[in-house]
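Subject: Handover of a structure and notes on its contents

Dear colleague,

Please find the structure below, together with its sequence. My notes on what was found follow directly after it.

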Amino acid sequence: MTSPTPAELYRRWLDELWNRSPESAHELVTPDFVGHWPDRDVRGPQELAAVIGQTHEMFTAITFTLEVGPMVDGNLVAGRWLGHGHAANGTTTFVGNDILRVHDGRFTEYWNATSVRS
């Protein structure tokens, strides 16, 4: 079985992990994965799944769509996405930029920059 390309892996990152199943983190990231958010680091697939689960719990509905990319340079992949979430106080739109490091068909490191549009 061949490893997915970094672009394929990034599409799964958004489509499977962020849009549907936080538990797919166990398939998409390595055990020693580190995600760098501006205010904290997240380590391993279990902690990543928990953070994504917490994000989903804040909204009655939330979706993420790819806006730019994925762009691949060696073992790095980057993308820009839009997120739309519905909560009791209305709709929120997020804009984010991701950079991820790939090794052996899974993500090992992640850098995220996100801002809220509305």
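Ring pairs join Trp13, Trp18, Phe33, Trp37, Phe64, Trp81, Phe107 and Tyr110 into a cluster. Here rings of Phe, Tyr and Trp (its six-membered ring) pair if their centres lie within 6.5 Å; planes under 30 degrees apart count as stacked, over 60 as edge-to-face and the rest as tilted.

Before going further, please note that this is a predicted model: local features need pLDDT of at least 70, side-chain atom pairs count only at pLDDT 80 or more, and totals for chains, interfaces and linings use all residues. Residues are numbered from 1 along each chain as its sequence is written, and side-chain values use heavy atoms, with hydrogens and water left out.

Aromatic pairs

By the rule above, there are 8 aromatic pairs. One of them is formed by Trp37 and Tyr110, edge-to-face at 5.1 Å centre to centre with 80° between the planes. This pair links distant parts of the chain, since Trp37 belongs to strand 1 (residues 29-37) and Tyr110 to strand 6 (residues 106-116), 73 residues apart. Helices (H or I, at least four residues) and strands (E, at least two) are DSSP runs, numbered from the N terminus. Trp37 is buried, with a relative accessible area of 14%, and Tyr110 is buried as well, at 1%. Buried means under 20% relative accessible area, exposed over 50%, and partly exposed in between (1.4 Å probe, protein chains only).

The rings of Phe59 and Phe94 have centres 5.6 Å apart and planes at 90°, so this pair is also edge-to-face. Phe59 lies in the loop between helix 3 (44-57) and strand 3 while Phe94 is in strand 5, so the pair ties together parts 35 residues apart in sequence. Both Phe59 and Phe94 are buried.

The strands form an open sheet of 6, in the order 2-1-6-5-4-3, with mixed pairing. Strand 2 (40-43) and strand 3 are at the edges with a single partner strand each, so one side of each has no neighbour in the sheet. Two strands pair if DSSP finds at least two bridges between them.

Strand 3 (residues 61-73) and strand 4 (residues 76-87) are antiparallel, paired over 10 bridges. Within this pairing, Leu66 has Trp81 of strand 4 as its bridge partner, and Ala61 has His86. Their hairpin has 2 residues between the strands, and Gly74 takes a positive phi near 65° there. Strand 4 is also joined to strand 5 (residues 90-103) by 12 bridges, again antiparallel. In that pairing Val77 stands opposite Leu100, and this hairpin too has 2 residues between its strands.

The core

Which residues touch the most other members of the largest nonpolar core? Of its 26 residues, they are Tyr10, Trp13, Leu17, Trp18, Leu48 and Phe107. Helix 1 provides the largest share of this core, 6 residues. A nonpolar core is a set of buried Ala, Val, Leu, Ile, Met, Phe, Trp, Tyr and Cys residues joined through side-chain atoms within 4.5 Å.

Leaving aside neighbours within four places in sequence, Leu48 is in contact (heavy atoms within 4.5 Å) with Trp13, Leu17, Ala25, Val29, Phe33, Trp37 and Val42.

The start of the chain

Thr2 sits in the segment before helix 1 (6-18) and is exposed, with a relative accessible area of 70%. The C-alpha atoms of Thr2 and Gly105 are separated by 8.5 Å, although these residues are 103 apart along the chain.

Yours sincerely
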